[in-house]
Amino acid sequence: MQRSFLSQNPSVLWFIALLALFTIIVTLMSEVTGVGLISTSFVKTLGKTLCLCLVAIAMDVVWGYCGILSLGHFAFFGIGGYAIGMWLMYARTEGIVLESLAGQAIPPTPAEISDAIGNQIFGVVGSSEFPAIWAFADNLYLQLLMVVLVPGLLALVFGWLAFRSRVTGVYLSILTQAMTLALALYLFQNDSGLRGNNGLSGLQNIPGFEDASQASISIVFFIASAVALAAGYIFFAWCMSGKMGSVVQGIRDNEARVRFLGYHVESYKLFVFTATAVVAAIAGALYYPQAGIINPGEIAPIASIYLAVWVAIGGRGRLYGAVIGAAFVSLVSSWFTGGGAPNVNLGFYTIQWTDWWLVLLGVSFVVVTLFFPKGIGGLFDLIVRKQS
Amino acid sequence: MLRLFSIAISLWLLFPTTSSAQTVQDILQTHAEEVLKPGRRSVGVVLDDLVDSGLPQALPFLEAWRDREIVQRSPDGLFFRAVEDGDEITLFDLDTGETSVGVDDDLTESRPNGGVRRAIGDALVQFQLSDPDIEKRQAAVDAIARSMDASQLAPLMASIEGEPDAGLKEVKSRLAGMLAATFGETPEARIDAISGMAGDLSVDVRAVLNTILASEAGVAADLPSDANIAQVLEVGKDLTAEEAYAQLVAADLAPALITKTDIRTALEANIDGGFAGGVPLANLNTDAGRAQAYDGLAQLELVPPRVTDAEQAAAIEAHTFFMAYDEPDAAITDAASEALAAIQTNVAVSQAVDLGLDALSLASIYFLAAIGLAITFGVMGVINMAHGEFIMMGAYTGFVVQQFVPDYTLSIIIALPLAFAITFGAGVTMERLVIRHLYHRPLETLLATFGISIALQQLAKNIFGTQARPLTSPEWLDGALVFNDVIGISYIRIAIFVMALIFLCLILFVLKRTRLGLEVRAVTQNPGMAASMGINPDRINMLTFGLGSGIAGIAGVAIGLYAKVTSEMGADYIVQSFMTVVVGGVGNVWGTLAGASLIGFLQKGIEWLNPSNTLAAQTYMILFIILFIQFRPKGIVALKGRAAAD
Amino acid sequence: MTFKTSALSLAAVLASTTTVAAECADPIKVGVLHSLSGTMAISETTLKDTMELLVETQNAAGGLLGCEIEAVVVDPASDWPLFAEKARELLTVNEVDVIFGSWTSVSRKSALPVLEELNGLMFYPVQYEGEESSKNVFYTGAAPNQQAIPATDYFLEELGVEKFALLGTDYVYPRTTNNILEAYLQENGIAEEDIFVNYTPFGHSDWATIVADVVALGADGKQVGVISTINGDANIGFYKELAAAGISADDIPVVAFSVGEEELSGLDTSDLVGHLAAWNYFQSAESDLNDEWVEAWKAKMGEERVTNDPMEAHYIGFNMWVNAVTEAGTTDVDAVREAMYGQEFPNLTGGTAVMLPNHHLAKPVLIGEITADGQFDIISQTTEVPGDAWTDFLPESAVLTSDWKDLGCGMYNTETETCVQLTSNY
């Protein structure tokens, strides 16, 4: 089965090989090995980009293959980040608190420890009580389970309600956008128990590895992101190449016909929606420890729309298209906004790309939608066609 | 100070016969520091001295001081009234009125703050109540209303008789009533005044009544007979057992509770070779262990014993908790609480009406923001994520017009059609260039228009900057329509409401009663058939889209007037607008109206339930909408039959 | 521009010592970490320009340690994780000696772990909620006791306010400030039910109900005052609604902590006249230094530009850093930090700012009334108030103190006499 799947999809092998090569090169050139050609901050940027590629693949499956334009997958990504961030913050703070309480004359009670941790974490946002949602934050394994369970359940319930009511097309897009907005607004509240606008910070310090340098931590996360991307790629490629893939793409092209053929369309959609949400959350859980901070601004509806933009520019309906789109747009974007692009002097006006990049992105997006619906990935088709 | 004021009044009345060698300048020199840097609590001395002096020049000085015209000249430390005219400063002697020329560098301004200005206003009251200038009389009345004082009653009463202005006379007698209710000499006079206020729900009347009814919590073994008891509190119902016990402790009627911190401090202070209270230190990591150790210490009488639950209950049982009025006369408090009760009902009704008005206003804003979308999305089925940016373009048009046309009324009259024209043009251009090619790919329309949206937003930032720009409403829209002290709504919101109504009628008229509307409906329902009937669907689509966009532009001007103009204002409304249309039911203008009303009233309702967190209200409202759509995907006003098909 | 002068001074320094010359192979780099795009660009771009002006001025005056100073400007684009990324880039790739940057608390919290990991040095110029002390950050903006508490005192003392409405945008600064103020007010005899708290989202525009609620507070005969920590654009709608409801500063005074000259510029302030703001600096301050500064700023940026409080904070911070480096003879972070304690530099408002061992400044507190031309009329100015990292009005913080000089700890529990943690609580 595995062999036949790979032989049917040579692009998967190509992709894995390229990714492995890329990972090895970056690792060798990083500061860990002493070469230092790639700085730690750039390793982090690359690692984060890999995570974005992973969530872009998920987006491609749900949109490019199944035809559901979800404007909520970045919310799942964020939930994953929050879930892992809670453990990171809790464990780090616990270490600090235990150390400082150890100096006291009499040993602390569990309530005192928990109060002190709560005060450390929530003191900066003006409260000190542990909200109920932090119940599992002290346990890494339970919290890792949360990374998968919370977005999975949310997607399952939301999807079940929506698909059951036959909410489709643009309505579903708007509905998922509303969900994202509601989640972001909820997290923006200080009362939400997740530190409101401040979010969770200091996530790059991994509890238990206080002595490890950021250079090595960044490489570990970079490799982990690469492995997750590879696994996600294989998983979705496998899913979408078999019979299930055909049904799912059938749903995209004509939902009614597939239903008349006797397939339970809702179940397929629900599976795709939930599975991609879970993968998005895993990507988020890998992304935010590299970013160092997560806050509600990350989840704002616009982030999910950008996700769709990456996939569309990269090319829908092909997994490598999503990867190309995410990597290309996010790296180019940081090049432009980081002041890397030279200003263009028109004589009467100087174009500063920090100001004009978004205009360029917006316009190029319209152009891609209008003239290159297959995106950058479509170029490969052209090459392949020329060769044959 | 109050007594001094009454003396001052008599002095004032007698002033022509009072002879004094003092001048205003002399008095000011005595308090030079206080005049230069006055504070609310300490300025009284200066004011008293000035008023006591009975000098006629004190009045103009006080007025000048309040208006911040007093300066000190540094070489000699003398105070003057300074009038600045361009670069020239003229100094007026405070006593003689002689003028001299001032040098800017020598002069230090005295800057009375708000509190001091109020104190000066209070001092001026006595002089101004019967001033021939109505504005000064008005100011005096305002000053009394802001800070009521027993000494003001007599002069106010005296001034009512001779008040020529009927309106002001009424205000004065109303104010006198309020003063009498608090400061009246006999209980009868006060009760009369109180009952005279029944039914008046203005804030200041309630303030007077509430002040009379101010009460304090008390606790005693038996209910004191000499106090004017407002209410006997029941433990468990009116206050919790913890609160009751805390009150006992505060009144020294019971021993304080030993808190966990107390226990820890006591244990830390009594560590004895690895043990505290006979318990090994290692066992002190639980509350139970610590309690045991503490009890051990208590037995040795090193610390006070813990108060048991039974002791607490017994202490609470043995005492009565009550609220007692500060006002000793029960007849007065009875009258006041009766009057207040009648007012409270009125206030509650008025508050409900006010909330309803706010909700209506919010609904009209949502409606106005969404109505353009009701056409492009609702009728044509085109998703336009740049709709919010059309709103923004309209608002910036208003801003730009105001830069060229300084008359606010005229500029709004120009801006409205201009905003329509500009966004109509933008809409038509966008339809021709982009949307036309994507009619069969609605999801891609969404993304393409989103691209336009971010480009437009950034363009606006590049052109106008990220700072919010002002769009000032004409003067006749300033202020609010006030029904009573509780119900009021600003004119600008009424204008938006009226505008929303006009657009509702206009669009209904266009869609239902004109040739264009007929063609639009025909094209939306079946473009092929419509085309074969001689209608040009391209042209109709273009015009419809332009119309929807143009209305968004006008909405932008309105929204900019009531809030702000920023490049991100469109993004604030876009999700809400889409939800308004979807909740209401796509394809129907009435549906949009219903959707906007539902969202507006719902949001205000949730805000009312939790007034301290507006963000929570928005969150719950969106959650409600999501659920609502899940269970009623076609919206409130669902189309039936063939038109409803996707 | 100053190649000649720096070359000259370089020569001069070479002549005197050789150690300094070794350090002068490269210019001294100053990182500027302010958002130049995104939502915060409006406020932060001004600070970038301020830094450039300060660096130019210093270079014209002969540079630092005989070297030229070079400002390395990066754009974190109002994207909070980017603050961490750019801070790391500045410290490791550009190898700057000091960073001046950040505006929002969350951006500071984002950069903190990186600064502490790499032992960087940052000057943070904005008023903030306190409850933090990092070894690697100097806080040149106001702590709550340098802005919120004096303003509340002014309300209590001078305006006789008995009932408070604490209105804020829902994020950490208003939340913490209001918590501190609630505790402070209750300590000053204001009952809990006389304090009304409300939080609104960023950019909130529908203020009618909230204004009505505030007016209704007056129903029990007490003077009502509003303490506003409302941020940014939302202020416009708020003041508009206040004006529409016919409420003047005499009826219900509003004191704002986030409204300064920059926010008022380009706004019609006729409705706002008499309302208050509390800062450590106003452009209208009368002193020769301030006149010079305003003139230099206008000469660089244009006549219509205004100066504001965070700019003064950078002005003081940068000059103190320059003096500390000169004193230490090196830009090494640890040496400079030691030299920073006790640094004095004249305020633009008169008096002298002193850097305390808790990394905060002692600065005067000013209260101004908004005037019709978008400026402030200063009606109250205190003597220098030492900034307090941990507030005295919250029980958990009252026991904490920060002293990096003698105790070497930013979060020292005075009750247990232990250092709670050496890193900051991000």
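Two residues are taken to be in contact if their C-beta atoms, placed from the backbone, lie within 7 Å. On this criterion, 70% of the contacts in chain B with a separation of 6 or more are accounted for by residues 24 or more positions apart. The structure described here is a predicted model.

Chain B contains 26 helices and 13 strands. The radius of gyration of chain B is 36 Å, whereas the globule rule gives 26 Å for 646 residues; the value is well over that of the rule, so chain B is more spread out than a compact globule. The C-alpha trace of chain B spans about 100 × 90 × 55 Å along its principal axes. Of the 646 residues in chain B, 44% are buried.

Within chain B, a local strand pairing was examined. Strand E3 (residues 88–93) of chain B pairs with strand E4 (residues 99–102) of chain B in the antiparallel sense, over four bridges. In this pairing Leu91(B) of the one strand stands opposite Ser100(B) in E4(B). Five residues lie between the strands of the hairpin formed by E3(B) and E4(B), and Gly97(B) takes a positive phi near 80° in this hairpin.

The contact between chains A and B takes 44 residues from chain A and 45 residues from chain B. On the side of chain A that touches chain B, at least two residues each are supplied by helix H6 (140–164), helix H7 (169–188), helix H12 (301–314) and helix H14 (353–371) of chain A. H7(A) gives the most to this side, with 14 residues. By class, the side of chain A that touches chain B comprises 33 nonpolar, eight polar and three charged residues.

The largest nonpolar core has 426 residues, and those with the most contacts inside it are Val55(A), Ala56(A), Ile57(A), Ala178(A) and Ala308(A). Helix H16 (residues 330–379) of chain B gives the most to this core, with 24 residues. When its neighbours within four places in sequence are left aside, Ala178(A) is in contact with Val575(B), Met579(B), Ile622(B), Ile625(B) and Ile626(B). A second, separate core has 11 residues, including Ile106(A), Leu284(B), Tyr294(B) and Leu297(B).

Chain C also meets chain B: 42 residues of chain C are in contact with 45 residues of chain B. The elements of chain C that each supply at least two residues to the side touching chain B are H3, strand E7 (195–200), helix H8 (208–216), helix H9 (234–244) and strand E14 (376–386). The largest share of this side, five residues, comes from H8(C). The side of chain C that touches chain B divides by class into 17 nonpolar, 14 polar and 11 charged residues.

Chain C itself is divided into domain 1 (3–142 + 287–362) and domain 2 (145–285 + 368–386). The centres of domain 1 of chain C and domain 2 of chain C, taken over C-alpha atoms, are separated by 31 Å. The contact between these domains takes 21 residues from domain 1 of chain C and 19 residues from domain 2 of chain C. Helix H3 (41–60), helix H11 (288–301) and helix H12 (309–328) of chain C are the elements that give two or more residues to the side of domain 1 that touches domain 2. The residues of that side of domain 1 of chain C divide into seven nonpolar, 10 polar and four charged.

Key:
Residues are numbered from 1 along each chain as its sequence is written. Chains are lettered from A and ligands numbered from 1 in the order in which they are written. This is a predicted model: local features need pLDDT of at least 70, side-chain atom pairs count only at pLDDT 80 or more; totals for chains, interfaces and linings use all residues. Two strands pair if DSSP finds at least two bridges between them. Domain bounds come from an automatic or database domain assignment. Ala, Val, Leu, Ile, Met, Phe, Trp, Tyr, Cys and Pro count as nonpolar, Asp, Glu, Lys and Arg as charged, and the others, Gly among them, as polar. The radius of gyration is taken over C-alpha atoms; the globule rule is 2.2 Å times the number of residues to the power 0.38. A residue is buried if 20 or more other C-beta atoms lie within 10 Å of its own, exposed if 12 or fewer, and partly exposed in between; C-beta atoms are placed from the backbone. A nonpolar core is a set of buried Ala, Val, Leu, Ile, Met, Phe, Trp, Tyr and Cys residues joined through C-beta atoms within 7 Å.
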